[in-house]
Amino acid sequence: MTGSSRASRIALGVFTALLMLFLFFPIVIIMLYAFNPSNIQSWPLPGLSTRWFSPTWHNAEMRHALWLSVRAGLFSTAIAMVLGSMAAFAVHRFRFFGREAISFLIVLPIALPGIITGMALNSFISFGGVEFGLLTIIVGHATFCIVTVYNNVLARLRRTPSSLVEASMDLGADGLTTFRYVTLPMIATALVAGGLLAFALSFDEIVVTTFTAGAQSTLPIWIFGNIRLGQQLPQVNVVVLFVILLSLIPVALAQRLTRDTGVLRQAAAPAAAVP
Amino acid sequence: MVTGGGTTIDAPSGRPSPPEDETAPAVRLTGVRKSYGPVVAIEDLSMEVRPGEFFTMLGPSGSGKTTTLRVIAGFEPADTGRVELHGLEVTGTPPYERPVNTVFQDYALFPHMSVLDNVAYGLRVKGVGRRERAEQAAAALAMVRLPGVEGRRPAQLSGGQRQRVALARAIVNRPRVLLLDEPLGALDLKLRQEMQLELKAIQRELSERITFVYVTHDQDEALTMSDRIAVFSNGRLEQVGTPGEIYERPVNEFVAGFVGTSNVLERDGRRVMVRPEKIRLLAPGEDAPGAVRGVVREVAYLGSVTRYVVESERGEKIVVLRQNLDTSAERVLQERGREVRLEWRPEDASVLDHKQQEAEA
């Protein structure tokens with residue numbers, strides 16, 4: 001009995017290891033390529049060097065793309081946090097005509113193929129005569145960024161007992177005070193986690209961006225273009241290395257924040273009586 | 001009335017007029033109705049709670065007792081009717097402007113705040129200074145016998161401790177009326193009985209200032225703690241009275257059946273109710289005028305008492321409780337199938353009124 005369960009445990013372990021290897025080996029390879037001294041990708045690497053780091057950093061095109069991506073990400077995340085949490089509050093608290101439809105329409109963009117969202121936005125923007133650029137990129141990204149904030153906040157609101165808000169009102173706090181002292185702290189971590197995910201989504205988005213960026217290049221588009229042309233491959237590898245490292249931060253943070261309902265550090269028991 | 005050569009006294013004088021009517025009931029509901037879509041939760045409810053009393057709303061789930069509490073607290077607007085607290089109408093007043101505080105069934109402690117911040121919350125939103133808040137909160141925690149946990153989070157407390165924090169958080173604000181929504185429902189039996197006595201002690205201590213309105217579905221709890229009980233059923237008030245009145249003189253079959261065990265019998269065309277412990281099993285050979293003859297159908301030995309089910313000549317199943325004063329389990333269990341006579345005093349038979357029949361008609 002124990003023998004067979006031990007064997008199956010080993011088999012499962014091996015399978016898991018292989019799966020992880022399959023997922024992460026290519027990423028490790030691409031990270032190693034950033035240190036490739038040669039401008040030709042060949043294996044094994046002829047040595048390790050950081051000679052491409054400086055020219056990458058000083059590449060004006062790359063800098064422009066990076067800055068555009070950062071701005072698009074920040075703005076669409078900001079829009080998502082405001083609209084997404086407002087929508088979550090409305091759907092959670094009120095019963096109104098079209099509530100289910102609105103809930104469905106907000107979540108739809110994440111399920112809809114990006115190419116369709118992109119095409120639709122592209123024709124709509126051309127039809128409206130709006131110039132393609134930062135603004136249109138932000139609008140395009142916001143469509144799917146709202147979902148992550150909305151879902152996170154709504155899930156938290158549903159897990160938060162309604163009696164908390166009632167208790168606050170019962171103890172003399174009006175709507176605004178209750179929001180400030182009770183509701184906002186309760187949803188804060190979900191809101192931030194949703195925002196971080198939204199930023200991560202926006203930062204590496206390429207399909208919708210292709211249709212809404214016009215002549216502009218965000219970082220993913222710049223990477224994609226240079227891989228196809230192949231001339232600046234070493235610099236692409238360096239950029240990829242840093243994008244990987246940077247994107248680990250928000251994902252790890254978001255996971256940590258949503259792990260529990262804000263009661264962090266349970267073990268750090270009786271703290272001093274008055275904060 | 002004229003006294004000696006003095007003056008005629010028409011009304012008590014010499015007392016300054018109080019800011020609010022002190023003789024007015026702590027809570028007065030007049031014709032309150034509340035429905036959720038097609039479901040009527042409370043129907044034409046009128047009720048008064050006296051200042052300082054421990055008033056319990058008792059009933060099965062869905063009887064409207066919690067809805068009534070929520071209407072008093074202001075969480076639910078009444079469809080029609082009037083809500084008054086100490087003579088002041090509050091029908092349309094939001095919860096945060098009513099001089100009442102609530103202890104919630106799930107305690108509703110703020111998980112992101114320490115125990116101290118939870119208890120001091122009401123004072124904080126009222127603008128009380130930090131030091132005074134901390135002092136009053138500590139005093140409230142001492143009152144519920146939970147000192148020294150100020151710095152902990154609610155998640156680090158046991159169920160009983162959370163219950164005490166919820167109570168402290170409500171009474172620290174010195175409400176005129178304290179509303180308690182099945183506050184002991186989540187505790188185990190032993191702790192619940194302990195807390196019943198403690199709650200009653202706290203209420204006695206505060207009864208000069210605070211009126212307790214308590215919701216429960218547990219009849220023992222209601223009988224243990226209350227000055228008066230209101231029995232609810234299907235959104236209606238069936239009876240209001242002291243525990244003694246409710247138990248000994250229930251107005252109808254519902255109240256008789258919900259509070260305690262009852263035998264409802266037909267006598268002279270009227271329905272009467274007799275409690276099992278009021279019925280005497282006559283000794284063999286003993287007889288009394290008007291005694292009921294029957295056969296023991298079931299015997300259950302319950303330790304301190306034995307429960308008999310006797311089938312009378314008329315075919316009524318009558319439950320009888322007898323204390324096991326000078327008998328044993330072995331002896332009582334042999335009484336199954338035996339012919340017996342039952343007797344009770346006329347004053348222990350409570351006549352049920354005709355409300356029940358009207359309702360059925």
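Visitor: Leaving aside neighbours within four places in sequence, which residues is B:Val213 in contact with?
Guide: This is a predicted model, in which local features need pLDDT of at least 70 and side-chain atom pairs count only at pLDDT 80 or more, while totals for chains, interfaces and linings use all residues. Residues are numbered from 1 along each chain as its sequence is written, chains are lettered from A and ligands numbered from 1 in the order in which they are written, and side-chain values use heavy atoms, leaving out hydrogens and water. Contact means heavy atoms within 4.5 Å. On that basis, the partners of B:Val213 are B:Val27, B:Val49, B:Phe55, B:Met57, B:Leu69, B:Val177, B:Leu178, B:Leu179 and B:Leu180.

Visitor: Which residues touch the most other members of the largest nonpolar core?
Guide: A nonpolar core is a set of buried Ala, Val, Leu, Ile, Met, Phe, Trp, Tyr and Cys residues joined through side-chain atoms within 4.5 Å; buried means under 20% relative accessible area (1.4 Å probe, protein chains only). Of the 38 residues in the largest core, those touching the most other members are B:Val27 and B:Val213.

Visitor: Why is strand β3 of chain B largely enclosed by the rest of the structure?
Guide: Strands (E, at least two residues) are DSSP runs, numbered from the N terminus. B:Phe54, B:Thr56 and B:Leu58 point one way from β3(B), B:Phe55 and B:Met57 point the other way, and all are buried. The strand, residues 54-58, is largely enclosed because the buried residues number five of the five.

Visitor: Which strand does β3(B) pair with over five bridges?
Guide: Two strands pair if DSSP finds at least two bridges between them. With strand β9 (residues 228-233) of chain B, β3(B) pairs in the parallel sense over four bridges, and B:Phe55 there has B:Arg228 as its bridge partner. B:Phe54, for its part, stands opposite B:Phe212 in β8(B). The parallel partner over five bridges is strand β8 (residues 211-216) of chain B.

Visitor: How many helices and strands are there in chain B?
Guide: Helices are DSSP runs too (H or I, at least four residues). Of the 361 residues of chain B, 48% count as buried, and its C-alpha trace spans about 80 × 65 × 55 Å along its principal axes. The chain holds eleven helices and 18 strands.

Note on methods
Buried means under 20% relative accessible area, exposed over 50%, partly exposed in between (1.4 Å probe, protein chains only).
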